[in-house]
Amino acid sequence: MGQSLEWRPIMIRRGFCWLASVCAVAAFVAVPAARGQSEDSGARAAEKPKGDAASKKNGDESKSDKKEHLKPFPSGPREDEFKAVLGDKYKVRRTDHFCVLYDTEEDVVKEFISRLEKTYGAVHRFASQLDIKIRYPKEKLPVVFCHNFEEYKRRCKQIVGREVPQEAAGLYWREPFDFSIFYDMSEAQFIKEHAERARQLKEEAKNSKDPNDRKEKTRQAQFILNKIDAFQQDQNRSVVQHEVAHQLLFNFRVHSPGKANPQWFVEGLATQFEPPPGKMGAGFNVINQRRLRVVREKYKKELPDLREFVGDPGKGQPMLTDEGYALSWAIVNYLIKQKGKDLPKYVETLKHRKVGADASAEQDIADFEECFGKIDEKFKKKWQAFIKELPYRAQG
Ligand SMILES: [Zn+2]
């Protein structure tokens, strides 16, 4: 794979997103809310971002965007590089915009592939509706899909030279690697443990002589199985959509590879694409109920210091907490809906940063305020009111 196999220290700091390791356990508990979000989101789905400049475009531009959107990316040398590294056990599926190298069962990969293209559609719609300039990749984007966690761990180590955290269901490795990698969640250890518990309960129910006990154990077993099913669906969906959104946003040059992209902006954008498509929309039109719940619970009494957060969202740590992801989502959602017309300017401002150079907290705050206005009390109040009004479906 040529130079992509080289280990580069810069990858440690901002190399990938730890999303799944942070929220895997929380999401297991949060499944019911996540499942209900697509209908709920319909209420705002028809709403257009306030600063939506799409209507200002002339017909020719819209047509050419549409043409570019529909045009599949050609196959390219990266596919061969990955094939050479992964070996014969990996098969290849090509979609319009991705080449997927996988060693899973065929029926598992089918759903996975459709998820990738749906995410492509959502991210593309986001960038074009907000008039953010898109640079189209020259070839299909590589994605690796492994049959279980062990294989996924081994392949990350082989390709990138890094250990992955347990239960990180997927990762996007940024430049110079620029690929995402996932594994089939049904093979995860904790899923297997829960499945085993459900199997035991069913067995106990079968052997029990007490009809009430039988009924209760069967109910418990089914409850666990339902949870597992919903959790897997939610994880597969939200993690894949989140990581692939990163991959697309970097490849479209909404984020600039190698430059100091503010973490709240990178994660805040990716989290817009986590919810499954609803009846009336997808991506940023759908309210991310799980993130909204965290923001409402965490900041019920005390408002976050938005200015401080924009300058240093991780509070000195390389990874965000679950609250950090949620707050990033809430800030970016506000900017998209209320200050959408300023977003292209912000994206362009970040592009002017130097490759490899760090940005201070002061710089991050200054760039934010130059594009979106001062983060003062007025700004905070408006943001708070906006978040309060978002339709929220409490966990049932
Ligand atoms: Zn991320």
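Strand S3 (residues 141-146) is covered on both of its faces in this predicted model. On one side lie Leu141, Val143 and Phe145, on the other Pro142, Val144 and Cys146, and every one of these residues is buried. With six of its six residues buried, S3 is largely enclosed by the rest of the structure.

Strand S2 (residues 98-102) runs parallel to S3 and is joined to it by five bridges; here Cys99 stands opposite Pro142. Strand S5 (residues 179-183) also runs parallel to S3, through four bridges, and in this pairing Val144 has Ile181 as its bridge partner. The path from S2 to S3 involves helix H7 (residues 106-129), and the three elements together make a β-α-β unit that is left-handed.

In soluble globular proteins, nonpolar side chains tend to be buried together.

Helix H14 itself covers residues 322-338. Its 17 residues reach 24 Å from the first C-alpha to the last, close to the 24 Å expected at 1.5 Å a residue. H14 is mostly covered, as 13 of the 17 residues are buried.

Of its 396 residues, 39% are buried. Among contacts with a separation of 6 or more, 78% are between residues 24 or more positions apart.

The protein chain averages a pLDDT of 81, and 79% of the residues score at least 70. Among the elements, S2 has the highest mean pLDDT, 98, whereas helix H3 (residues 31-35) has the lowest, 26. Over residues 1-63 the pLDDT is below 50, although this stretch has 123 contacts in the model beyond near neighbours in sequence. Where pLDDT is low, the predicted coordinates should not be read in detail.

Conventions:
Residues numbered from 1 in each chain as written. Predicted model: local features only at pLDDT ≥ 70, side-chain atom pairs only at ≥ 80, totals over all residues. Helix = DSSP H or I, 4+ residues; strand = E, 2+ residues; numbered from the N terminus. Expected span 1.5 Å × (residues − 1). Buried ≥ 20, exposed ≤ 12 C-beta atoms within 10 Å, placed from the backbone. Pairing = 2+ DSSP bridges. Right-handed = clockwise from strand over helix to strand, strands pointing away. Contact = placed C-beta atoms within 7 Å. pLDDT = per-residue confidence, 0-100.
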